[in-house]
Amino acid sequence: MNVLISTQDTVFCRMLTLEFSEKGFSVLCAKTREEMETALPSAQLALIDADFLLNGGLPKFPYDIILFGYAETFDKISTQELTKYYTLVRPFVMEDFFSNLLVPEDENGSIRLRVPKRKSPSESLALDRNTHSAYYKGEKISLTQKEFSLLALLFENRGTPISREEALT
């Protein structure tokens, strides 16, 4: 399986390349947008630095994209855009990263990569309190102020029963 790592951080790219190579994957590194767009068609998984999204968007890709970057970078990207990708905030622990991405493929011990599927619809939901907007899988949901407040209450307390009185206040 080919994994594309797209970042201008050469040291980080080398580190990820070593980690993936040790697990038997072929790694393609791209430092520029042009290199990324050239390598993307031959990759089955893309790990792309959020700086690329911040500076002009990402090309279409038929497989999963994992966006990685520092918290400050993610803060500059709209909530609507971020809900389209799996995100990893740097720094992250490689063992945790791979334990979530590598799954046994068969009893012979071969492994494959997978991007974890979201467990519930609420994991694809994002609320932007500054604009009182809700996004589901990158699509904006138009809500009244009252609807947004109720959704925010339920979202913040998911898994916990909310009384009718609480919901109406």
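Which residue in β3 does S6 stand opposite? I looked this up and found I48.

**Ground rules.** I noted that this is a predicted model, in which local features need pLDDT of at least 70 and side-chain atom pairs count only at pLDDT 80 or more, while totals for chains, interfaces and linings use all residues. Residues are numbered from 1 along each chain as its sequence is written, and side-chain values use heavy atoms, without hydrogens and water.

**Confidence.** I checked pLDDT, the predictor's confidence in each residue, from 0 to 100. The chain has a mean pLDDT of 81, with 86% of its residues at 70 or more. Strands here are DSSP runs of E, at least two residues, numbered from the N terminus.

**Sheet.** I traced an open sheet of five strands, ordered β2-β1-β3-β4-β5 with parallel pairing. Its edge strands, β2 and β5 (86–89), each pair on one side only. Two strands pair if DSSP finds at least two bridges between them. I found four bridges between β1 (residues 2–6) and β3 (residues 45–49), which run parallel.

**Pocket.** I then looked at the second largest pocket, which holds about 200 Å³ of space. A pocket is an open set of points on a 1 Å grid over the protein atoms alone, where a 1.4 Å probe fits, with protein on both sides within 12 Å along at least five of seven lines; lining residues have an atom within 4 Å of a point. The lining includes L58, F61, E81 and Y86. I recorded seven nonpolar, no polar and four charged residues in this lining.

Technical notes: Grid points are joined across faces, edges and corners, and a volume is the space filled by probe spheres set on the points. Ala, Val, Leu, Ile, Met, Phe, Trp, Tyr, Cys and Pro count as nonpolar, Asp, Glu, Lys and Arg as charged, and the others, Gly among them, as polar.
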